[in-house]
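Subject: Structure for you to look at

Hello,

Here is the structure I promised to pass on. Please open it first, then read my notes below.

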Amino acid sequence: MDFSFYERLTGMIAAGSELVLKAEEQMSFWERVKPPVDISSSGHLIEWLFNYTTYVNLFWFALVCIGLFGFSFLYSAKRHKKAFYTHGNEKNHLLITAAIGLGVFLSVDLVITRVSSHDMKEVFWNFPENDPEVIKVQVLAQQWAWNFRHAGKDGEFNTADDVVELNRLVVPVNKKVMIQMTSKDVIHAFYLVNARIKADAIPGRFAKIWFDTNRVGDYEIACAEMCGPHHYLMKARLQVLDADNYQRWLNETHERALATNDTESMDLRWGWKWESR
Amino acid sequence: MAFVEQHIHDAPTSFWSKYVVSYDHKVIAKQFLWYALFWGLVGGLMSILIRWTLAYPGVPVPLIGNMLFPASGGVVPPDTYAMLFTLHGTIMIFFFITPLLIGCFGNYCIPLMIGARDMIFPTLNMLSFWFAMASGLVLFASLCIPLGGAAGGWTSYPTLSTNIGQPGAGQTMWLISLFLFGISSTMGAVNYITTVITLRAPGMGYFKMPLTIWGLWLTAILNAIFVPVLGAGLLLLTFDRVFGTTFFLAGAAATSGRGDPILFQHVFWIFGHPEVYILILPAWGIVSDLLSFFARKPAFGYKMTALSLSAITVLSTVVYGHHMYTTQMSPLLTQSFMTLTMLISIPSAIFFANWLGTIWKGSIQFHSPMLFSLGVVFVFGLGGLTGLYLASTSIDLYLHDTYFVVGHFHYTMAASVLLGGFAGVYFWMPKMFGRMMNETLAKWHFWLTMIGINGIFMGMMIVGYGGMHRRLYNPFIYEFLHKLIPINNFISYSAFFAAAAQILFIYNLFKTVFAKNYPAAGKNPWGVGTLEWEIDSPAPHYNFKDIPVVKCGPHEFGNPNLTTGRDYQYQTEELVKV
């Protein structure tokens, strides 16, 4: 076992936690547990449904607690010597239980089924396939890194001018990004917490996702599916640039790609023709 | 009801036939009890190591660190961390909860509560335990080989669990071990189902069975149907690993033909979702009974509860796809699975209402089994309601594979089942060993455990909502998780606290079972009318000298016209008219 690995790790953590302590020790509990900033146009749908479910759940759980603690208090053997003899199978008993069952179903289940079906159909599964403005990216996941491929100037994937980057995804702000993704070895999951997006990268299959961004900055992409001992290190950076900077970046990397891409190298040839289905 | 003649056999006399290869369901139940406790300790220790790593990444584990991980100076290495959470899940599900609730209580309660002298197939019963033993030995051996045990997660998704992700023999041994365990479970299940159908005492109709038996019986049915499905998946995966087939292999490593890793997920979850109900149904049954026993009041809506449990059993077989939303199944499948999953709310809400109806206007005695049962109502309320978030396809985009899922399934599968299991141990201890456990210690055990586990699992749901994903050796590689460090530490402290609280239980259990000159409990210390409380404690070798004739339901408490001076009726007594 490589000893220095642990020393490095320990050092890294110590440095990291000092940083954190300085910046974040004043944080309130509610700030602490808030999900990371949402940079997408669709994330608020999830947030709304989450909050709705929470409020209705709190109502039902409050009823459970009132029953549980209230009855325990009122009907303890000390206070209530003689139990009321009933089998709870009279008509009104059955009606009340059935009403509770139906009440839960109608207030939570039916609503969230309806809303999430709608959101999936209209937004999350509504891929911008035919949008000419969409930024297309191919992703290849591997143990333990993310490979990203832009088509380059010619708009065709798997050609000599493709811009291929390791662990860095560059996209322009306010544009829809569409990703086709697969995996080289084991199952990974593309997890962009700031856009509330997650999908498995599965060897032998193409997964597709889309997201958009509404603010410039650096964000983290994680692997959410257990993919081996170094699963935790499988992190990439999402760089959201404004339109000018994105164009500059694209031009630069495109030139560099043309000049330096070794077309014989297998490492660069993992792309595929864009699957338009 | 088929009539099966049950002879009284002579009690075995030698140590070997009495305690080792015993055919007696009561001895086999105790064998499963000790087996479960051993593995519970191992699995619990693993969770402590996991929580230590998350609270203090890179810091050597005190006391045992240098012994277990000498190469890294006492720090849990990343590959070992993966092995720890894989085996923590495997052990807790298959080697702790299953033997405790199904192996121990299933064996102990079914014949006694339905009025039978033993299981219908005693040899199968004995083999069931010894297959479980073989399975445990294989799993234990896999910890001691180069490259260590399986480390692909308890779900062991290919292709990570094929040779490209798990080169060591540990994963193969894991597969063999679970296959053996599947054989054991199937044998047990066939036995339980048949016993309940054929050996119920005269007069014991299905709707006169205690709800514990309902829970165990439905569990056995699910086990018999779905454990073989897991067996098929395990076998195919073993072929992929050992014989070079490619059922589940795809991607760069699939050089000799390709299969589909998602196929395994389907096979696994067809079993895996019923499995969570396999684990929880016995606990639900036990709790439904105990709430009535200690509220001194008939179970509210008994028939509705039994039918709700049956409805959930049926529904549990058609919802497995909600574990696979992120694999991007067809939208039709995804939405069907979501809708079917949501339907489970209705029967769940009904039996929940019945539980509260049972304690309503009761005369509640807060003995330890009752406290634990009320605890189940609380934690399962939380666990059940948080399932709604995860069943929703759009919220799942955010919460899938986060600690929210971990918190949710621990609330349902770990906290509820564990508390239900404790309730059972405290409740049947006098019948099993003829001795009552110490009530004061038991109550301390309850409250400390309750505080501990709620700290752990509530904390997990909170960090999950904050976006923290699962199975990370060091989550703080990610900047967006930095602010969750204090909450993660809190979860770990809660885990250490909850673990320490179990010392009370272990001490109490060992003292009760092994202490000399311990007072005897008597036939019926709790004042309960089901069949097992009419015979001596501990139950004699043949259970019932004469097969009892059942005349009333299991929950006859508080009938105002009782003239016996008791507030309950034995099931063998004619129901007193109101």
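Before the sheet, one term: two strands count as paired if DSSP finds at least two bridges between them. Please also keep in mind that this is a predicted model.

The sheet in chain A

On that basis, five strands of chain A form an open sheet. Their order is S3-S2-S1-S5-S8, and the pairing is mixed. Which strands stand at the edges? They are S3 (163–166) and S8 (207–212) of chain A. Each has a single partner strand, so one side of each has no neighbour in the sheet. On average, neighbouring strands are turned by 25 degrees against each other, direction ignored.

S3(A) pairs with strand S2 (residues 145–150) of chain A. The sense is antiparallel, and the pairing runs over four bridges. In one of them, Arg149(A) has Val164(A) of S3(A) as its bridge partner.

Chain A as a whole

Chain A holds five helices and 10 strands. Is its fold compact or spread out? Its radius of gyration is 26 Å, whereas the globule rule gives 19 Å for 277 residues, so chain A is more spread out than a compact globule. Its C-alpha atoms fill a box of roughly 90 × 50 × 35 Å along the principal axes. Buried residues come to 35% of the 277.

The chain is divided into domain 1 (43–124) and domain 2 (135–268). The centres of these two domains of chain A, taken over C-alpha atoms, are 44 Å apart.

Among contacts in chain A between residues at least 6 apart in sequence, 68% join residues at least 24 apart.

Chain B

Chain B has 16 helices and zero strands. Its radius of gyration is 24 Å; a compact globule of 578 residues would have one near 25 Å, so the two agree. The C-alpha trace spans about 75 × 55 × 45 Å along its principal axes. Of the 578 residues in chain B, 63% are buried. Of its contacts with a separation of 6 or more, 79% are between residues 24 or more positions apart.

Where the chains meet

How many residues of chain B are in contact with chain A? The count is 100, and they touch 87 residues of chain A. Helix H11 (residues 345–359) of chain B gives the most to chain B's side, with 10 residues. By class, that side has 58 nonpolar, 31 polar and 11 charged residues.

Best wishes

Technical notes. Residues numbered from 1 in each chain as written. Chains lettered and ligands numbered in written order. Predicted model: local features only at pLDDT ≥ 70, side-chain atom pairs only at ≥ 80, totals over all residues. Helix = DSSP H or I, 4+ residues; strand = E, 2+ residues; numbered from the N terminus. Axes fitted to C-alpha atoms, helices over the stretch in contact; angles between N-to-C directions. Rg over C-alpha atoms; globule rule 2.2 N^0.38 Å. Buried ≥ 20, exposed ≤ 12 C-beta atoms within 10 Å, placed from the backbone. Contact = placed C-beta atoms within 7 Å. Domains from an automatic or database assignment. Nonpolar A, V, L, I, M, F, W, Y, C, P; charged D, E, K, R; others polar.
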